[in-house]
Amino acid sequence: MKGLTAAQGDDVRKALHTAERRSGLRFGVFLGEPVGGRRHFAERLHAALGSEAGDAVVVFVDPAGRAIEIVTGENARRRLSDSACRLTAMSMATAFSAGDLIGGLLYGIGALGEQATARR
């Protein structure tokens, strides 16, 4: 993953796998700058998942632009409300503003996975 050390990338992949295994949803993270508007870019990333998009959650983080977008598919949205995603994004932003990019990512993935599992 661009911008992360190999160990940090492994930690993020492990967190994604854990969230997927526990919730049954597909999780993805994109770390970098958007091409075009950030929400539109995040939605395009999500749509690129094709038939898996309905059960997917994409977390887009632009550290340079200080932006976070969480996009949920139709089925995933039933288990992750907009307010849950908004609160998770706020917690992630707090960690990012303190200089803890990896901590914020790991927290966000874990929190979304937990919330989706709780509403399963």
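Mentor: Before we start on packing, keep one cut-off in mind: contact means heavy atoms within 4.5 Å. Also remember that this is a predicted model.

Trainee: Then what do the buried residues of α4 pack against?
Mentor: They pack against β2, β3 (67-72) and α5 (101-118). The buried residues themselves are A84, C85, T88, A89, M92 and A95.

Trainee: What makes these residues line one face of the helix?
Mentor: Look down the axis of α4: its buried residues fall within an arc of 130 degrees, so they line one face. In general, an α-helix has 3.6 residues a turn, so residues three or four places apart point the same way. On the other side of α4 you find exposed residues, namely D82, R86, L87, M90, T94 and S97.

Trainee: How do you know that the length of α4 agrees with what a helix should span?
Mentor: The expected span is 1.5 Å times one less than the number of residues. For the 16 residues of α4 (residues 82-97) that should be 22 Å, and the end C-alpha atoms are 22 Å apart, so the two agree. Just after α4, G99 takes a positive phi of about 90 degrees.

Trainee: Let's turn to the rings. Why is the pair of F30 and F41 called edge-to-face?
Mentor: Ring centres must lie within 6.5 Å to pair, and planes over 60 degrees apart count as edge-to-face. F30 and F41 have centres 5.2 Å apart and planes at 70 degrees, so they meet both conditions. F30 sits in strand β1 (residues 26-31) and F41 in helix α2 (residues 38-47), so the pair ties together parts 11 residues apart in sequence.

Trainee: Which other ring pairs with F41?
Mentor: F60 does, again edge-to-face, at 5.5 Å centre to centre and 70 degrees between the planes. This pair links distant parts of the chain, with F41 in helix α2 and F60 in strand β2 (residues 56-62), 19 residues apart. F60 is buried, with a relative accessible area of 0%. F30, F41 and F60 form one aromatic cluster.

Trainee: What puts the buried residues of α2 on the same side?
Mentor: Those residues are F41, A42 and H46. They cover an arc of only 140 degrees around the axis, which puts them on the same side of α2. The buried residues of α2 pack against β1, β2 and β3.

Trainee: Why is β3 described as largely enclosed?
Mentor: Because 6 of the 6 residues of β3 are buried, the rest of the structure largely encloses the strand. A67, E69 and V71 are buried on one side, and I68, I70 and T72 are buried on the other.

Trainee: How do you know that β2 and β3 pair?
Mentor: Pairing needs at least two bridges, and β2 and β3 have 6, in the antiparallel sense, so they qualify. In β3, V71 is the bridge partner of V58. Their hairpin has 4 residues between the strands, and R66 there takes a positive phi near 55 degrees.

Conventions: Residues are numbered from 1 along each chain as its sequence is written. This is a predicted model: local features need pLDDT of at least 70, side-chain atom pairs count only at pLDDT 80 or more; totals for chains, interfaces and linings use all residues. Side-chain values use heavy atoms; hydrogens and water are left out. Rings of Phe, Tyr and Trp (its six-membered ring) pair if their centres lie within 6.5 Å; planes under 30 degrees apart count as stacked, over 60 as edge-to-face and the rest as tilted. Buried means under 20% relative accessible area, exposed over 50%, partly exposed in between (1.4 Å probe, protein chains only). The arc is that of the directions from the helix axis to the C-beta atoms.
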